[in-house]
Structure formats: C-alpha cells, structure tokens
Amino acid sequence: MSELEIIIAPDPELKKKCELVLDFNIQVEELLDNMFVTMKRAPGIGLAGPQVGFNKRMIVVDTTQSEEEGRELKMVNPEIVWRSEENKKHEEGCLSLPGYFEYVNRPDKIIVEYLNESNKKIELEAKGLLSVVIQHEVDHLDGILFIDHISSLKRGIISRKLKKYKKSINNGKNN
Ligand code: NI
C-alpha cells in the first residue's frame with residue numbers, strides 16, 4: 001500500500017464530474033486501499049477519488065475516531081437515493097482545503113447505495129457525522145467542494161488564501 005498525494009484547492013482536477021467505475025478490477029481494490037491509508041495518515045475522516053487525481057466515483061470514509069459506533073467504509077459508485085427533509089448544520093473541513101472549517105447545511109439523514117470493496121451492492125442509511133461525510137465526499141465526485149455551499153464572499157476569501165498558500169509551497173520547492 002502506498003500513500004497518495006492530496007490535491008489542494010483551487011485546482012481544475014477538483015472541479016470535474018467523475019466517471020462511474022464500470023470494471024471492478026484489482027486496480028480498483030488497490031486504489032481503495034491506498035486512498036484509505038492516505039486518509040488515515042492525513043489524518044482525515046473522508047477522501048474522494050479526485051482528491052488524489054483519480055477521476056472515478058470512489059470514496060473512503062472513517063468516522064471511528066469521532067463516533068462510538070463509527071464506520072470504516074470503502075464505497076464505489078455511491079449514489080444518494082434518499083435525503084431527509086430535515087436539515088442540520090455541521091462544521092466541515094476538507095483535506096484539499098487544509099486549515100479551513102465552515103458550517104454547512106445538509107439533509108440530516110440519507111440513504112446511499114454503493115458497491116463495497118468486495119463488489120457487493122449495499123444500501124446504507126446514515127445520519128449524523130456519517131451522513132455529513134458521505135454527502136461531502138459524494139459532492140467531490142461531482143466537482144463540488146464544501147465551500148460551494150457557503151456564501152460567495154467567504155468562498156472568495158478562502159480561495160484567495162489557498163492560492164497564496166499554494167504559491168508559497170511551489171516557491172519553496174523551486175528554491
Ligand atoms: Ni473534502
């Protein structure tokens with residue numbers, strides 16, 4: 001297993017709509033493992049394919065650090081098939097936007113269908129943090145970041161700061 005490089009926003013790779021995984025092969029399993037390790041080491045509680053340069057509908061989730069009955073999940077082609085009418089605000093962050101946290105309003109409960117790491121179709125009802133993380137990661141597969149759910153003013157400030165931050169890292173690499 002190997003750790004993958006996480007793409008930092010703003011980056012066009014993070015704005016693409018990802019493709020369905022049509023061929024569930026060994027590379028898919030390896031990528032899920034590598035994504036899981038990358039998320040754990042970051043450390044984070046969720047990671048999506050495009051964040052590590054793969055334009056495929058794959059996400060990994062780990063809520064075991066924050067919840068008593070937390071889950072570790074590897075999901076291929078996740079699709080949210082039901083959303084509760086009741087919304088909840090939750091503070092979100094993202095490995096592609098390091099250091100930024102904002103409250104996002106989302107449906108409290110969802111039902112998601114996906115293929116697990118054994119290519120088995122699963123239907124899962126999620127609430128609380130698990131529901132938030134899955135919705136956040138599925139958004140990534142459609143090129144949506146959590147800052148796309150907040151005011152354009154705040155989004156602009158965060159984007160500008162991240163651009164500066166990325167410039168400073170690149171300058172560091174060149175010097
Ligand atoms: Ni994220």
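**Close-ups of a predicted model**

Asn119 is partly exposed, with a relative accessible area of 41%. Here, buried means under 20% relative accessible area, exposed means over 50%, and partly exposed is what falls in between (1.4 Å probe, protein chains only). This is a predicted model, where local features need pLDDT of at least 70, side-chain atom pairs count only at pLDDT 80 or more, and totals for chains, interfaces and linings use all residues. Residues are numbered from 1 along each chain as its sequence is written, and side-chain values use heavy atoms, with hydrogens and water left out.

**View A. Asn119 sits in a loop with a positive phi.**
This loop runs between strand E6 (109-115) and strand E7 (121-127). Helices (H or I, at least four residues) and strands (E, at least two) are DSSP runs, numbered from the N terminus. Phi of Asn119 is near 65°, and Asn119 isn't a glycine.

**View B. Asn77 has a positive phi too, but look for it in a strand.**
The strand here is E3 (residues 72-83). Phi of Asn77 is near 50°, again in a residue other than glycine. Is Asn77 buried or exposed? Asn77 is buried, at a relative accessible area of 16%.

**View C. Ala9 and Pro10 are linked by a cis peptide bond.**
Check the omega angle of this bond: about -5°. You'll find Pro10 in the segment before helix H1 (26-41).

**View D. Ala42 to Pro43 is a cis peptide bond as well.**
Omega is near -10° for this one. Where does Pro43 lie? Pro43 is in the loop between H1 and strand E1 (46-48).
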